[in-house]
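I wanted to note what I looked up, one topic at a time.

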Amino acid sequence: MILHSIEAGNFKLDGGAMFGVVPKTIWQKTNPADSNNRIDIAARCLLIETEKRLILVDTGMGNKQSEKFYSHYNRWGSHTLMDSIQSLGFSGKDITDVFLTHLHFDHVGGATHRNGEAIKTTFSNAIYWTNKLHWQWATKPNAREKASFLTENLQPIVESGQLQFVAPNINYGNSKELPFAICYIDGHTEKQMLPIVQYQEKIIVFMGDLLPTVGNIPLAYVMGYDTRPLLTLQEKSVFLEKAATNNWYLFLQHDAHNEVITVRHTEKGVRLKEIFSFNELFN
């Protein structure tokens, strides 16, 4: 197995929304804001290369939406999903599986693309993996999340016949269909799935929206986007205890400036231990 970090683009989000009830005077120490109160965000994906499969975890925002849509997120930098994949010597047709942690637009947008007037799946040879409960949640959305679950991101996957559901399994247990374990998280959205990959005698966890940035490590630093913030607190506490005790490597999807971290136990709770670039740690 070989792992690759895939930079699918950068954008900005409101710092207050990213830290919920935490005051700006505190969170801006780790995540400086611009004049519009927005902080740097990454859409970092993971590519898992095995002997027979090439598995892409999440796909970023994509490029099929209108300029008005993207203007709300102030995209910056030169990274794109396909450029990053091609820089490794692969094409979209080489992807065998697309594992979607959840179906918010900044995680699933790149799974489809505009082809003339039609919208098609980006990876024509891939199985697209989600789970049944989250799919039901996303396709019959609540008013709070409706703007994050876009029909044009989801319907083409169904119409292509490429959609499959991961079989239910024990939380933190091994997947039957994919070469990693899965942690299910319900505080952010129903049944978000975080891959837990054993690689080079290390455990690396793709953090999705459970821990978006280094600045979100303290338990109370929960995003305003979460549908059940008190549940996130519980899930985050359990996860960080495991991560610190077992020295897991945490792959940060949304931290534009820090790729991989470890955490440790302290008198104040679990806190940052070390920061690594992906290449220095795994290549």
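**Salt bridges**

I began with a definition: a salt bridge is a side-chain nitrogen of Lys or Arg within 4 Å of a carboxyl oxygen of Asp or Glu. The model is predicted, so I kept to the limits set for it: local features need pLDDT of at least 70, side-chain atom pairs count only at pLDDT 80 or more, and totals for chains, interfaces and linings use all residues. Residues are numbered from 1 along each chain as its sequence is written, and side-chain values use heavy atoms, with hydrogens and water left out.

How many salt bridges does a search of the whole structure find? I got eight. I looked at Asp40 and Lys12, whose side chains meet in a salt bridge at 2.4 Å, N to O. Asp40 lies in strand β2 (residues 38-49) and Lys12 in strand β1 (residues 2-14), so this pair ties together parts that are 28 residues apart in sequence. I noted how the elements are set: helices (H or I, at least four residues) and strands (E, at least two) are DSSP runs, numbered from the N terminus.

I then checked cover. Buried means under 20% relative accessible area, exposed over 50%, and partly exposed in between, with a 1.4 Å probe and protein chains only. Asp40 has 22% relative accessibility and counts as partly exposed. Lys12 has a relative accessible area of 14% and is buried.

Next I took Glu259 and Arg44. Their side chains meet in a salt bridge at 3.9 Å, N to O. Glu259 lies in the loop between β13 (249-251) and β14 (260-266), and Arg44 is in strand β2, so the pair ties together parts that are 215 residues apart in sequence. I found Glu259 buried, and Arg44 too.

**Asp58**

I moved on to Asp58, in the loop between β3 (54-57) and α3 (67-71). Which side chain of opposite charge is nearest to Asp58? I found Arg44, 12 Å away. Here Lys and Arg count as positive and Asp and Glu as negative; His and the chain ends are not counted. Asp58 is buried yet has no salt bridge.

I looked for polar contacts instead. A polar contact is a pair of N or O atoms within 3.5 Å; within protein, one must be able to donate a hydrogen and the other to accept it, and residues adjacent in sequence count only if both atoms are side-chain atoms. The Asp58 side chain makes one with the side chain of Thr101, at 2.7 Å. It makes another with the side chain of Gln253, at 3.0 Å.

Contact means heavy atoms within 4.5 Å. Leaving aside neighbours within four places in sequence, I listed the contacts of Asp58, among them Cys45, Phe99, His102, His107 and Phe206.

**Asn153**

I placed Asn153 in helix α7 (residues 151-160). Is Asn153 buried or exposed? At 1% relative accessibility, Asn153 counts as buried. I saw a polar contact of 2.5 Å between the side chains of Asn153 and Lys64. Beyond neighbours within four places in sequence, Asn153 is in contact with residues including Gln65, Phe105, Val108 and Thr112.

**Positive phi**

I kept one general point in mind: most residues other than glycine have a negative phi. Tyr172 has a positive phi, near 70 degrees. I found Tyr172 in the loop between β8 (163-165) and β9 (173-174). Tyr172 is partly exposed, with a relative accessible area of 23%.

Asn247 is not a glycine, yet its phi is positive, about 55 degrees. I found Asn247 in the loop between α8 (229-246) and β13. Asn247 is partly exposed, at a relative accessible area of 29%.

**Whole chain**

Last, I stepped back. I counted nine helices and 15 strands in the chain. The radius of gyration is 18 Å, close to the 19 Å that the globule rule gives for 283 residues, so the chain is as compact as a globular protein of that length. That radius is taken over C-alpha atoms, and the rule is 2.2 Å times the number of residues to the power 0.38. Of the 283 residues, 54% count as buried.
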